[in-house]
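Biologist: Could you walk me through this structure and tell me what stands behind each term?

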Amino acid sequence: MFNQDQVSGTLVNYFTTCKREAWLYAHQIHARQDDENILMGKALASIKEPNLQDFPFSNLKFDKLSKLKGHYQITEYKKTLKNKEAAINQLLFYMYILKTNLKLKLISGKVICGKTVLSVEGNDENFVKMKLTIEDIVSLVNEPKAPPPVAKKICKNCAYNDYCF
Amino acid sequence: MLKNDRTHFILNNGLLRRKDDNLYFDKFDNDEQICDTKIIPINAIDEIYLLTKVSIDSYTLAFLADQNILLHFFGPFGSFRGNFYPNTPNSVNKSGFVLLEQLRSFDDVTKRTYIAKQITVARMQNAAKNCHKYGIDFDEKPFLNALEKANNNLEIMACEGGFAKAYFECWNKIIKDNKSFKFTIRSKRPPLDKINAFISYVNTRIYNVCLSEIYKTELDPRISFLHEPNYRALSLHLDLAEIFKPIIGDNLIFSMLNKKEITAKDFASDAGRLRFTNEAIKKIEMQMIDRLSRTYKIGEQTFTMRQVIRKEANKIKRCICENSPYEGFVLA
């Protein structure tokens with residue numbers, strides 16, 4: 001049985017992009033590891049704050065944590081912003097977990113891609129949406145079978161394409 | 001997309017070591033003294049074949065595991081001895097779900113027979129294509145029809161055996177040099193004549209390529225569908241290789257023998273065992289790499305042969321996990 005604690009940032013990102021991808025990822029069916037985009041993503045993930053390992057929620061794997069005027073701000077680096085919604089949701093998930101676990105009053109975040117910066121506000125409306133998303137993810141992953149593949153435009157660059165088609 | 005073959009071979013005695021996040025190889029001369037050092041770029045390789053006496057330490061092995069690099073070890077007579085394959089959080093083959101589904105598919109006689117049958121159909125069609133390519137009249141229809149009626153693995157194996165016999169008979173018509181390379185009967189462990197030694201060598205290589213591609217997916221190489229998995233360590237790669245032996249291996253043998261790139265002189269006899277000289281191995285491996293990096297078009301995507309093999313493993317995985325129909329790869 002898959003439960004809420006097992007949801008990860010990547011899974012939220014995948015869930016926003018493609019339900020099938022999320023199901024496969026949660027069942028440890030991985031995409032091609034030598035895919036160019038995946039390799040670039042891994043390289044980006046290695047640019048991390050060195051002292052993040054000591055932070056108690058380091059299993060969340062966000063890229064940067066900083067204190068800003070008394071509240072926390074987390075940062076996520078992305079290669080492209082083609083998939084804006086997924087990146088925002090992923091960041092929002094980190095913010096939601098940190099806020100609820102640490103009982104923070106205020107938290108904010110930003111997605112950085114090249115010179116563009118997207119700010120994400122940690123307001124109640126967003127967090128309620130996030131809570132529902134997490135519940136959706138848990139019920140999707142607990143389905144016995146993966147949703148069937150539907151050919152979309154993004155499938156062309158997806159590292160799962162040799163599995164789906 | 002990766003277009004070249006990311007495999008490295010080590011054919012000299014020496015020491016493989018890590019230094020500064022890169023891999024170095026110190027070549028030894030006859031007195032075990034370092035005579036040459038070269039860098040093996042870690043980002044440009046996926047696997048290393050160690051065909052000679054190579055020293056390696058745990059620090060290097062841990063580094064290789066981190067980088068997801070597969071090692072293949074061979075004994076002094078070119079016989080396969082084992083793999084070192086990464087088992088870090090970085091490696092992919094860790095899905096309990098896929099393993100369970102694979103075991104369930106194996107236990108389900110209908111599904112197991114279905115997968116085994118599809119693999120054999122692809123093998124027969126690919127082998128028949130080889131004969132047609134060389135202008136030999138070979139009718140695969142009766143074999144395919146007999147296979148259609150097979151209900152279990154024993155019957156499939158029997159069909160396959162009959163087919164292989166007829167297929168190997170065609171080899172004497174395809175290969176021009178019938179004096180040194182006349183095919184009489186398939187012999188293994190050890191191969192008794194030159195043609196069998198050649199087949200065995202090439203097949204071992206294909207098995208290894210298939211195995212390393214299986215290791216890149218979540219499938220467990222211990223559970224196979226066509227071959228009987230009970231009495232050996234690993235067997236799924238044998239299933240997968242059935243499809244690709246005619247495409248890669250047999251074609252390689254035909255073309256190298258007919259172009260006289262391999263002749264009777266390339267074999268050395270070692271205590272009654274036939275083996276290739278080092279020069280011959282180099283020639284064969286160059287051909288092998290060339291064939292593995294040739295590209296094929298499936299649908300709208302272009303794949304190298306190696307990627308086709310991985311895709312095949314993924315197709316089997318998908319059939320196992322989602323009950324989707326499976327059809328083996330047949331060369332267009």
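Modeller: Let's start with α5(B), residues 153-174: this helix of 22 residues reaches 31 Å from its first C-alpha to its last. This is a predicted model, in which local features need pLDDT of at least 70, side-chain atom pairs count only at pLDDT 80 or more, and totals for chains, interfaces and linings use all residues. Residues are numbered from 1 along each chain as its sequence is written, and side-chain values use heavy atoms, without hydrogens and water.

Biologist: Which residue caps the N-terminal end of α5(B)?

Modeller: N152(B) does, with a side-chain oxygen 3.2 Å from the backbone nitrogen of L154(B).

Biologist: Why is the pair E322(B) and R20(A) called a salt bridge?

Modeller: The term asks for a side-chain nitrogen of Lys or Arg within 4 Å of a carboxyl oxygen of Asp or Glu. In E322(B) and R20(A) the closest N and O atoms are 3.1 Å apart, so the pair qualifies. The count between chain B and chain A is one salt bridge.

Biologist: Which element gives the largest share of the side of chain B that touches chain A?

Modeller: That is α9(B), with seven residues.

Biologist: How many residues take part in the contact?

Modeller: With contact meaning heavy atoms within 4.5 Å, there are 19 residues from chain B and 20 residues from chain A.

How values were computed:
Chains are lettered from A and ligands numbered from 1 in the order in which they are written. Helices (H or I, at least four residues) and strands (E, at least two) are DSSP runs, numbered from the N terminus. The expected span of a helix is 1.5 Å times one less than its number of residues. A polar contact is a pair of N or O atoms within 3.5 Å; within protein, one must be able to donate a hydrogen and the other to accept it, and residues adjacent in sequence count only if both atoms are side-chain atoms.
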